[in-house]
Amino acid sequence: MAEITVRLASDKHDFDAARTLCLEWLDWHWKNYPAGWPRDDDHPMNPQRFKVALEALPDLYKRPLGGVLIASVDGKPAGCVMYGEASTGVAEFNRMFVSVSGRGHGLGRKILNRMVEQMIADGYTRVFFSSATFLTHARAMYEAAGFVLMPQPKGFPKKLRDKVYFMERLLT
């Protein structure tokens, strides 16, 4: 049986592992991205913009109100997620990913559960996220974890409205 761990990133090695996983996620995303969907330079997954954000991970998700969680299988990083404060008492998470080599161990669910535990410990009462509609496997996991659909924010780009959904969950 594989040894599974999920923990907060705490040093350069951990943040480098998260960056590597995020780059794998970006590559997977574009290989699986549906034809006909927007691919403009202002796309949230634009590789150049995405790589700039990865360099800032320790600052974007720093403790005590943020965090980067790393999941490992037998000591090898295989999944991650990041979260931070969206507003007082409300967290937003993103970049949840399990590498192809880490799949089949229930890592997505374990990462999600550990993140929720940490958010509660950090004082959050609600969490939300957005995801692409083509990621149907992920949506089923979120629904099973108690997330429900929420309205898209005002001003959300029209070209993405039928491509992206938002979900939320109370943490209390």
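Predicted model: local features only at pLDDT ≥ 70, side-chain atom pairs only at ≥ 80, totals over all residues.

Residues are numbered from 1 along each chain as its sequence is written, and side-chain values use heavy atoms, with hydrogens and water left out.

Let me start with the backbone. Between Arg-63 and Pro-64 there is a cis peptide bond, with omega at about 15 degrees. Pro-64 lies in the loop that runs from helix 3 (57-60) to strand 2 (67-73); helices (H or I, at least four residues) and strands (E, at least two) are DSSP runs, numbered from the N terminus.

For Arg-95 the angle is about 55 degrees, and Arg-95 belongs to strand 4 (residues 90-98). Which of these is buried and which is exposed? Asp-74 counts as exposed because its relative accessibility is 52%, whereas Arg-95 is buried, at 15%. Here buried means under 20% relative accessible area, exposed over 50%, and partly exposed in between, with a 1.4 Å probe and protein chains only.

I turn to the interior. A nonpolar core is a set of buried Ala, Val, Leu, Ile, Met, Phe, Trp, Tyr and Cys residues joined through side-chain atoms within 4.5 Å. The largest one has 51 residues, and those with the most contacts inside it are Phe-93, Met-119, Tyr-142 and Phe-147. Helix 1 (residues 12-32) gives the most to this core, namely seven residues. A second, separate core has seven residues, among them Phe-128 and Leu-160.

Next, the cysteines. How many disulfides does the structure hold? The number is zero, a disulfide being a pair of cysteine sulfur atoms within 2.5 Å. The sulfur of Cys-80 is 4.1 Å from that of Cys-22, its closest cysteine sulfur, and is therefore too far away for a bond. Cys-22 is buried, at 0% relative accessibility, and Cys-80 is likewise buried, at 0%.

The largest pocket holds about 1200 Å³ of space. A pocket is found on a 1 Å grid over the protein atoms alone: an open set of points where a 1.4 Å probe fits, with protein on both sides within 12 Å along at least five of seven lines, and lining residues have an atom within 4 Å of a point. The volume is the space filled by probe spheres set on the points, which are joined across faces, edges and corners. Of the 43 lining residues, the closest to the centre are Trp-25, Arg-95, Ser-130, Ser-131 and Leu-135. Strand 4 gives the most to this lining, with seven residues.

Finally, consider Phe-156, in the loop between strand 6 (148-150) and strand 7. Phe-156 is buried, with a relative accessible area of 13%. Leaving aside residues up to four places away in sequence, Phe-156 touches Arg-161, Val-164 and Phe-166, where contact means heavy atoms within 4.5 Å. Val-164 and Phe-166 are also included in the second core.
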